[in-house]
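Work through the exercises below with the sequence and the model at hand. Each task is followed by its solution.

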Amino acid sequence: MADPKIRILRSKRMTYKFLRLAGGTVAKVGQVFKDNVYPCGYCKGTGIEARNRSICLICKGTGKVELKGPIVVCAYCRGTGHGHSGSIVTCTVCKGRGVVAVKEPVKVCPTCRGTGRSSSGLTCLRCRGKGVVEKS
């Protein structure tokens, strides 16, 4: 069954994967954002952890995370901030933020094709789970 957070559009030449972020923002895999403040992926921008109704440890209850741009959506956790789907473990790639800083210019990782995962399901060693690599 397909992940409901990913929408795939196909054209004759390319397949585009889109991710829906916590704040409702839709991002293409590998799309670079320049803002500094984003909705917290771990608590989905609410500031409260869903499992125990306590203040989110990632955003300290603000519902927002701040990163110096440019950034991309974390490919490993797909912007959720959780290590695996349904897991309560924090994503080791983005540290629960849902977004990761990158250096431009970037391109989709040719090894994992933007998924951030190797064939075994572990973090892709080439892009380190970001889903993108620097253009060479």
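**Exercise 1: a charge and a ring**

Find what the charged end of Arg117 sits over.

Solution. The charged end of Arg117 lies over the ring of Tyr76, 4.1 Å from the ring centre. The criterion is NZ of Lys or CZ of Arg within 6 Å of the ring centre and within 35 degrees of the ring normal.

The model is predicted, so local features need pLDDT of at least 70 and side-chain atom pairs count only at pLDDT 80 or more, while totals for chains, interfaces and linings use all residues. Residues are numbered from 1 along each chain as its sequence is written, and side-chain values use heavy atoms, with hydrogens and water left out.

**Exercise 2: the setting of Val132**

Solution. 
- Step 1. Strands are DSSP runs of E, at least two residues, numbered from the N terminus.
- Step 2. Val29 is 103 residues from Val132 in sequence, yet their C-alpha atoms are 8.4 Å apart.

**Exercise 3: the chain**

How many helices and strands does the chain have, and what share of its residues is buried?

Solution. The chain has 0 helices and 9 strands. Of its 136 residues, 38% are buried.

Conventions
Helices (H or I, at least four residues) and strands (E, at least two) are DSSP runs, numbered from the N terminus. Buried means under 20% relative accessible area, exposed over 50%, partly exposed in between (1.4 Å probe, protein chains only).
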